[in-house]
Amino acid sequence: MTDDVIYLDYAATSAVRPDTVTEAVARYLRDVGATPGRAGHRRAVDAGRIVLRCRRKLAQLFNAPGDPGRLTFHLNATQALNTALFGLLRPGDRVVRTEYDHNAVRRPVLALKQRGVQAVVIEGDVHGGLSMFEVEHALKGARLLVITHANNVIGNVLPVADLARMAHEAGALVLMDAAQSAGHLPIDVERMGIDLLAFTGHKGLLGPQGTGGLWVREGIELPPAFFGGTGGDSDSPDMPDTLPDRLEAGSMNGPGIAGLLAGVEWLLEHGVDAVHRRETRLKQRLWEALYDVPGVVMQSPMHGADGAGIVMITIDEIDPAEAALRLDREFGVLVRAGLHCAPESHTLLGTGATGAIRLSLGWATTAEDVDRAAAAVARIAETKGSRRG
Ligand SMILES: Cc1ncc(COP(=O)(O)O)c(C=O)c1O
């Protein structure tokens, strides 16, 4: 970052990105500039190569088998999740989800419920646990289980492989929301038993906003969510039968995908395991520093190595939004307050009415960042609301 800030809002967006990402976007705009699949000239062909390379690298990162065209690009995880949910579920179908979901799952499932889909919501708890007995029961007759891999409020990581095994035994498909985990935690769709994977490009994958996608296992067919030009088969009134074109109507975000490719290459080079280990160490350091501050209430559990790099706190007698504002204005510490688009998770923590302050870590976070942020929180807790206004 150009200004001297401590950026601790990686769960919203990795606003700090490797230089290679910024350079890849600039290079695309300067030297390529064309839209992939929209002409046969050299620039469009170059653009198409970048998009294909990004599909391949993402498939490698997720250990996704088969044709890389089964990984389609969308503007974000929300669009990918909507494409999967509305594509798979029909009136009378049963979908099982948990209270750990973001509004990107909760709201489309609610909309589907209004159209006759039966939705079962599995309760969560303050520790991020789930009753496997309840899940097993709910899965009977289900068409789909939706799992949020890493929660963006409590920071818990769900036991996806076990849940997927139970879903498959019940004859249900498994859709995983990897918005919060891709790039932060290792993902292996084969080992975890995932059938559809929705991801966003601008968080742990280190790409620009306006990038994200969906991987769909061979044998599962989704209808298009959008209809329009695909660059080929133009005389047909229908969308093409084959992926990726079937799900990718309209011109794509070439510069964004070029940046996403650079982000994924950075992760493949440095290793997601190593990123996760580092983030876990720093999270522990932050958690322990804040734990000792009088007036600070740790709202999310530590979770050890099994969690995401998220620390949720409140400060006695200070509104979370005011605390976040003061952290920015007085200390240059950038965090996010509120309900983080996941009201059910906040209700589990008991912060549904007030919201809370989220400090979230990423690839570039340092021990110094963590110490300075904890010191800033301590200073605010000490002075309470005295600087109000
Ligand atoms: C768990 C989870 N799912 C989905 C999303 C939605 O991601 P996007 O805004 O990129 O669509 C988010 C973003 O905060 C998230 O944390």
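Just after helix α8, Gly-271 takes a positive phi of about 90°, where helices (H or I, at least four residues) and strands (E, at least two) are DSSP runs numbered from the N terminus. The model is a predicted one, in which local features need pLDDT of at least 70 and side-chain atom pairs count only at pLDDT 80 or more, whereas totals for chains, interfaces and linings use all residues. Residues are numbered from 1 along each chain as its sequence is written, and side-chain values use heavy atoms, with hydrogens and water left out.

Helix α8 comprises 17 residues, 254-270, and spans 24 Å from its first C-alpha to its last, close to the 24 Å expected at 1.5 Å a residue, the expected span being 1.5 Å times one less than the number of residues. At the N-terminal end, α8 is capped by Asn-253, of which a side-chain oxygen lies 2.9 Å from the backbone nitrogen of Gly-256. The helix is mostly covered, with twelve of its 17 residues buried, that is, under 20% relative accessible area with a 1.4 Å probe and protein chains only, exposed being over 50% and partly exposed in between. Among the buried residues are Gly-256, Ile-257, Leu-260, Leu-261, Val-264, Trp-266 and Leu-267. Their cover includes α1 (19-32), α2 (42-61), β2 (71-74) and α9 (272-291), contact meaning heavy atoms within 4.5 Å.

Four strands form an open, antiparallel sheet in the order β9-β10-β13-β12, two strands being paired if DSSP finds at least two bridges between them. Because β9 (296-298) and β12 (336-338) stand at the edges, each with a single partner strand, one side of each is left without a neighbour in the sheet. Neighbouring strands of this sheet are turned by 35° against each other on average, direction ignored. The antiparallel pairing of β12 with β13 (residues 356-360) runs over three bridges, and Ala-337 has Ile-357 of β13 as its bridge partner.

A search of the whole structure finds zero disulfides, a disulfide being a pair of cysteine sulfur atoms within 2.5 Å. Cys-54 counts as buried, at 0% relative accessibility, whereas Cys-341 counts as partly exposed, at 35%.

Conventions
Axes are lines fitted to C-alpha atoms, for helices over the stretch in contact, and angles run from 0 to 180 degrees between N-to-C directions. A polar contact is a pair of N or O atoms within 3.5 Å; within protein, one must be able to donate a hydrogen and the other to accept it, and residues adjacent in sequence count only if both atoms are side-chain atoms.
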